[in-house]
Amino acid sequence: MTDLTLERHFPVAPEVVFAHVTKEEHLKNWMGPVTMTCSEIDMELTQDAKWFAVILNSEGQRHKMSGKVTDIDPPRTVDFTWGWHDETDARGHESNVRFQVTSDGGDGSIFKLIHTNLPDTEAAESHNSGWTSTLTKLEAMLA
Amino acid sequence: MSLNQTFATLGDPTRFAIVERLLQEGELSAGRLQDQANISAPAISRHLKLLRNAGVIQQRVDAQRRLYSVRPETVQAIHAWTMNYKDFWQGSLDKLEAVLMKEKVNK
């Protein structure tokens, strides 16, 4: 299992950041990489509830993810589970995400994203370098 | 079909080479695949059967020939699996940052 931690500084108050990372009306505007758009979403992280979202890449492929809120402490932290769905809608490996917002001591905020219990990809990476070129070809085939 | 099974099946160098070739050249007959792989007909059909059972490739019958190609669904599943969490979140946070900067300016 591996963990991922990302930290960003934002020039707005913790309450504003917290609203943007927990409310569906805001989440739908930023969830997913730049090349992808959020097409379906049911994600209010302000309450103990299940959530799901679907993002589309530029070729229109769907990537669905879902989970449920496990803990919430506004406007500081929210914890929720995370799992990708495959093309048959079966949910894969479950991991855990925490959004954490603290004041930077001034007018801004420090935002921390902690994604834990991620599947260990070492086995795949060390498999052999052939994967890289094959995956490039797979991508070319999809394009 | 689980990705575990897909990767286990592709772990064999001969099968990996077959799939690479099908990706590069598109649909091929068992005979064509056998020419380059330099293995016996029974061996190639065994590998093709395993790849079909794992959902990696599909078969089409055209007159006397059986033609093989890579299943697009499997390619998509691998593609989704390789979506890197770090890239996903970095990209998301770039967008969040842009949204919050706008928020600050509008105040």
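Student: In what order do the 7 strands of the open sheet in chain A lie?

Tutor: This is a predicted model, in which local features need pLDDT of at least 70, side-chain atom pairs count only at pLDDT 80 or more, and totals for chains, interfaces and linings use all residues. Residues are numbered from 1 along each chain as its sequence is written, while chains are lettered from A and ligands numbered from 1 in the order in which they are written. Strands are DSSP runs of E with at least two residues, helices are runs of H or I with at least four, and both are numbered from the N terminus; two strands pair if DSSP finds at least two bridges between them. With antiparallel pairing, the order in chain A is 1-7-6-5-4-3-2.

Student: Which strands of chain A are the edge strands?

Tutor: An edge strand here pairs on one side only. In chain A these are strand 1 (2-10) and strand 2 (37-42).

Student: Which residue stands opposite Val97(A) in strand 7 of chain A?

Tutor: Strand 6 (residues 95-103) and strand 7 (residues 109-118) of chain A pair in the antiparallel sense over 8 bridges. Opposite Val97(A) stands His115(A).

Student: Which residue takes a positive phi in the hairpin of strand 2 and strand 3 of chain B?

Tutor: Strand 2 (residues 57-62) and strand 3 (residues 65-70) of chain B pair in the antiparallel sense over 6 bridges, and Val61(B) has Arg66(B) as its bridge partner. The hairpin has 2 residues between the strands. The residue with a positive phi near 55 degrees is Ala63(B).
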